[in-house]
Amino acid sequence: MKKTFLLFFLIFPLLFTLVEPKSGRSVQLHNIRFYAYPDYTRVVLDLSSSMKVQEKILPGQNLTRLYFDLLNCDFSRLYPEANKKEILIKSGNLKKIRLGERSKKNLRIVFDFDKIGKYDKFYLTSPFRVVFDIFQDDINHFDKSVASSTDRVESVPEQIDGQYSIVRQLGLGVKRIVIDPGHGGKDPGTFNRSMKLYEKTITLDLARRLKSVFDKHSSYEIILTRERDQYISLEERTAIANSKKSDLFVSIHVNSAPRKNTRGIETFYLNLTTDSWSMSVAAQENAISKKSIGEMKSIVEQIVKNAKRSESRILSQFIQKHVVKQLKSKYSKISSLGVKKAPFYVLVGARMPASLVETSFLSNAQEAKRLKTSYYRYLIANGLYYGIISYIKSLGKN
Ligand SMILES: [Zn+2]
């Protein structure tokens, strides 16, 4: 380490995050995951139980280092790199991670970056995770567009549901869209055993179809979070959208319900909810129990305050309307369950308007049979396309 860096480290530490366990018991650090890109990195700490986190930001210039102490915490036997003192990353903005047992019961973890601008931190539960989003610039892409467009306020487009969002007022455009085919690899999602249909297969097919419609009829850049049957964590999916400076994020899913006659299409955006059904859908997609969703209320409150709620709701409304419209044009008994809010992990931390669409129910015999056909999927992909395009047009810039 260069001497100047060391001096900086001692005098102006960027961020001191004190992590204390709730009770006296020792917490295990299972893993440190990172998704590093040129100007954005997401770091995820997997811990054995919840911790109360206190944080301090100290002033300074040329910030490159993020470090925190985990009190009463030890490496889990599951953590493969526990014996290493230093992990060289050299990927994107993240240079290396250093691990040190500061004292017998406490762990210090240091992240060295090229540069740290803005950062965010939030928690996910079941299992407990601490997620850091570190941006190289002081402001991220989406906020930057807003900040640089303050002289264009006069062209306020049509008011939607009695609310103008800042994005809408400034008429910001869309160039890049990230489409997320839900699940994949070891995570099949929901399935219909008798029809041998897996959610992960349908979502990938729908995403591919959607991309090809966009490629054929528009000039938007479409990026899929996965191109094949591959496992990607929920945290990584949004990280991909953030790293690509995507303007929109749409996660595609297939629903299931204990009652076999439940059917229809519903679209979600990230927010708190007390609705029992919405909570159960989110629990299912988050791979946690419904009880855990209720317990994470205070955590989610912190998460959603930064979400692009108003735009996400409008995007969801357009998607819901057009998927239903497309299917209704050719099929009977198409039911719209509406636009709803719920705490979906995959939408957490997205820096752009984001929606999650449950395209139909695999647990319903007729919808499963339809989902198996190429034509039904074609109509869903068309509906998603028209929904997204209508949203973009409503911004008045494209
Ligand atoms: Zn799903």
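How much space lies in the largest pocket? About 420 Å³. The model is predicted: local features need pLDDT of at least 70, side-chain atom pairs count only at pLDDT 80 or more, and totals for chains, interfaces and linings use all residues. Residues are numbered from 1 along each chain as its sequence is written, and side-chain values use heavy atoms, without hydrogens and water.

**View 1. The largest pocket and its lining.** The lining has 19 residues. Closest to the pocket centre are Arg129, Tyr231, Ser233, Leu234 and Glu235. A pocket is an open set of 1 Å grid points where a 1.4 Å probe fits, with protein on both sides within 12 Å along at least five of seven lines; lining residues have an atom within 4 Å of a point. Volume is the space filled by probe spheres set on the points.

**View 2. The pocket between two domains.** Domain 1 (5–135) and domain 2 (166–394) both give residues to the lining, so the largest pocket lies between them. Domain bounds come from an automatic or database assignment. Helix H6 (276–286) is one of the elements that supply at least two lining residues. H6 gives the largest share, 3 residues.

**View 3. Asp133 in strand S11.** Asp133 sits in strand S11 (residues 129–135). Helices (H or I, at least four residues) and strands (E, at least two) are DSSP runs, numbered from the N terminus. Asp133 counts as buried because its relative accessibility is 0%; buried means under 20% relative accessible area (1.4 Å probe, protein chains only).

Methods
Buried means under 20% relative accessible area, exposed over 50%, partly exposed in between (1.4 Å probe, protein chains only).
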